[in-house]
Amino acid sequence: TQIETLKAHVKDAIDAMAPMLIKAAMIFMQSKIAFQEHYANDLLTGLVESEGLQVERSACGLDTAFISEFGAGEPIVGILSEYDA
């Protein structure tokens with residue numbers, strides 16, 4: 001069915017991204033207090049850029065904040081990640 005095909009496609013995409021996702025999970029090995037998460041910021045912006053996306057660093061005047069966008073139209077999805085949570 002179409003749903004099973006979609007599930008298989010999503011599973012394959014996640015499997016292909018596994019090494020990158022595991023690398024991203026390493027941010028928890030270098031926890032820092034608020035606004036000092038430079039390791040996590042550098043790691044995540046590097047991974048996003050390695051996927052071919054542009055990154056706006058120091059977003060909203062915060063050294064450890066960044067914005068990256070892709071696609072056009074709707075739906076519009078935003079993700080807020082708290083490094084120090």
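Helices and strands, as named in this tour, are DSSP runs, numbered from the N terminus. The model on display is predicted.

**First stop: helix 1**

Begin by selecting residues 2-24, which make up helix 1. Within this selection, highlight Lys7 and Glu4, which are joined by a salt bridge whose closest N and O atoms are 3.7 Å apart. Both residues belong to helix 1 and stand three residues apart, about one turn of the helix. Glu4 is partly exposed, because its relative accessibility of 48% falls between the limits of 20% and 50%.

Next, select Asp15 and Lys11. Their side chains form a salt bridge, and here the closest N and O atoms are 2.7 Å apart. This pair also lies in helix 1, with a spacing of four residues, about one turn of the helix. Asp15 counts as partly exposed at 44% relative accessibility, and Lys11 is likewise partly exposed, at 48%.

**Second stop: a nonpolar patch**

Now display Leu6, Val10, Ile14, Met17 and Leu21 as a surface. Together these residues form a nonpolar patch with about 430 Å² of accessible area. Met17, one of the members of the patch, is located in helix 1. With a relative accessible area of 36%, Met17 is partly exposed.

Move on to Phe35, in the loop between helix 1 and helix 2. Phe35 is not a glycine, yet it has a positive phi of about 70 degrees. For context, most residues other than glycine have a negative phi. The relative accessible area of Phe35 is 56%, so the residue counts as exposed.

Select Arg57 together with Glu49. Their side chains meet in a salt bridge, with an N to O distance of 2.9 Å. Arg57 is partly exposed at 41% relative accessibility, and Glu49 is partly exposed at 36%. In total, the model contains three salt bridges.

Then select Ser58, in the loop between strand 1 (56-57) and strand 2. Ser58 has a positive phi of about 50 degrees, although it is not a glycine. Its relative accessibility is 37%, so Ser58 counts as partly exposed.

To find the largest pocket, select Val48, Phe66, Ser68, Ile79 and Leu80, the lining residues that lie nearest its centre. The pocket has a volume of about 1,500 Å³, and its lining comprises 36 residues. Which elements each supply at least two residues of this lining? They are helix 1, helix 2 (38-50) and strand 2 (66-67). Helix 1 provides the largest share, four residues. Colouring the lining by residue type gives 24 nonpolar, six polar and six charged residues.

**Last stop: a cis peptide bond**

Finally, select Glu74 and Pro75. The peptide bond from Glu74 to Pro75 is cis, with omega near 5 degrees. By way of comparison, most peptide bonds are trans. Pro75 is placed in the segment after strand 2.

Notes: Residues numbered from 1 in each chain as written. Predicted model: local features only at pLDDT ≥ 70, side-chain atom pairs only at ≥ 80, totals over all residues. Heavy atoms only, no water. Patch = residues over 30% accessible without salt bridge, like charges linked within 9 Å, V, L, I, M, F, W, Y side chains within 5 Å. Areas by Shrake-Rupley, 256 points an atom, 1.4 Å probe, with all protein chains shown as cover. Salt bridge = Lys/Arg side-chain N within 4 Å of Asp/Glu carboxyl O. Buried < 20%, exposed > 50% of the residue type's maximum accessible area, 1.4 Å probe, protein only. 1 Å grid on protein atoms, 1.4 Å probe; cavity = no way out; pocket = protein on both sides within 12 Å on 5 of 7 lines; lining within 4 Å. Points joined across faces, edges and corners; volume = space filled by probe spheres on them. Nonpolar A, V, L, I, M, F, W, Y, C, P; charged D, E, K, R; others polar.
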